[in-house]
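Subject: Structure handover

Hi,

Here is the structure I promised to pass on. Please open it first, then read my notes below.

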Amino acid sequence: MNKTGFIFDLDGVIVDTAKYHYLAWKNLAQELGFEFTHEQNELFKGVSRKRCLEILLDIGGITATQEQFDSWMIEKNEDYLKYIEKMDETEILPDVPKVLEYVKRHEMPIALGSASKNARPILEKVKLLSYFETIVDGNNVTKAKPDPEVFLIAAEQLGVRADQCVVFEDAQAGIAAANSADMISIGIGDAQVLSEADYNFKDFTEIDDGFLKKLIKQE
């Protein structure tokens, strides 16, 4: 039987670390003398840290030297790491372990495909690392989603053809990346926002064994 590769994004799919990114950016904005709102934070979904800082400075109308820019990038990340340091299994989004367990039990290969540079420590904190055969994160890729690079590397490392892979994503850029890699895309979150996905679910509680079985058989 052909193997189906299962590739999961991290933030907003397995755990909700987006709130910690938001708090760290908000702290930096306050330090620079302006407010950063939840609405503005939507612009940061699936975007690299460097691009986020460019957007943030734009919002605050702040120009920075390269030295200041680099130092703020480091400061934001250190602040964020303090938050994730305290993470544990309670941070896992509902029914994610149930889905991982089903896929693992059917001996299908599982990868993580995320822009996060902290994916491994986060998976260790929430005790899910053992489910993943490979982790492709911001340390392994040069192109950000919607470029499919992260998913194509994951498929290659799993030893599965791209068109035999399934991707779980919560961001438009991630769905676009999965689609352009010719993978089955599953949107987790708002179906209107993720309308390009092949399938949509509010969260993993809506995914049943029958659907997973269908994905494994690629019907």
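Is the crossing of H1 and H3 left-handed or right-handed? The crossing of H1 and H3 is right-handed. Bear in mind that this is a predicted model.

**Helix packing**

Start with that pair. The axes of H1 and helix H3 (residues 49-60) come within 11 Å. They cross at roughly 40°. H1 and H3 are therefore oblique to each other. On the H1 side, the contact uses Trp25, Leu28 and Ala29. H3 answers with Arg49, Cys52, Leu53 and Leu56. One of these, cysteine 52, is buried because its relative accessibility is 4%, and buried means under 20%.

Now the other partner of H1. Helix H1 (residues 18-31) packs on helix H4 (residues 66-84) at an angle of about 135°. Their axes are 9 Å apart. H1 and H4 are oblique to each other too, and their crossing is right-handed. H1 brings Tyr20, His21, Leu23, Ala24, Trp25, Asn27, Leu28 and Glu31 to the contact. H4 brings Trp72, Glu75, Lys76, Asp79, Tyr80, Tyr83 and Ile84.

**Salt bridges**

Side chains of opposite charge can pair when their charged atoms come close. How many salt bridges does the count come to? The count comes to 10 salt bridges. Three of them are described here.

- Glutamate 169 pairs with lysine 145, the closest N and O atoms being 2.6 Å apart. Glutamate 169 lies in strand E4 (residues 165-169). Lysine 145 is in the loop between strand E3 (134-136) and helix H7 (149-158). The pair therefore ties together parts that are 24 residues apart in sequence. Glutamate 169 and lysine 145 are both buried.
- Lysine 98 pairs with aspartate 95, with the closest N and O atoms 3.5 Å apart. Lysine 98 is partly exposed, at 35% relative accessibility. Aspartate 95 is partly exposed as well, at 29%.
- Lysine 202 and aspartate 203 meet in a salt bridge of 3.2 Å, N to O. Lysine 202 is exposed, with a relative accessible area of 52%. Aspartate 203 counts as buried, at 18%.

There is also a network: salt bridges that share partners join Asp9, Lys145 and Glu169.

**Cysteines**

How many disulfides are there? The count comes to 0 disulfides. Cysteine 165 is buried, with a relative accessible area of 0%.

**Alanine 197**

One more site to look at. Alanine 197 sits in the loop between strand E5 (184-188) and strand E6 (199-201). Is alanine 197 buried or exposed? Alanine 197 counts as buried because its relative accessibility is 10%, where buried means under 20%. Leaving aside residues up to four places away in sequence, alanine 197 touches Ile175, Ser185, Ile186 and Gly187. Glutamine 172 is 25 residues away along the chain, and its C-alpha atom is separated from that of alanine 197 by 8.6 Å.

Best wishes

Note on methods:
Residues numbered from 1 in each chain as written. Predicted model: local features only at pLDDT ≥ 70, side-chain atom pairs only at ≥ 80, totals over all residues. Heavy atoms only, no water. Disulfide = S-S within 2.5 Å. Buried < 20%, exposed > 50% of the residue type's maximum accessible area, 1.4 Å probe, protein only. Salt bridge = Lys/Arg side-chain N within 4 Å of Asp/Glu carboxyl O. Helix = DSSP H or I, 4+ residues; strand = E, 2+ residues; numbered from the N terminus. Contact = heavy atoms within 4.5 Å. Axes fitted to C-alpha atoms, helices over the stretch in contact; angles between N-to-C directions. Parallel < 35°, antiparallel > 145°, perpendicular 65-115°, else oblique. Left-handed = near helix turned anticlockwise from the far one by under 90°.
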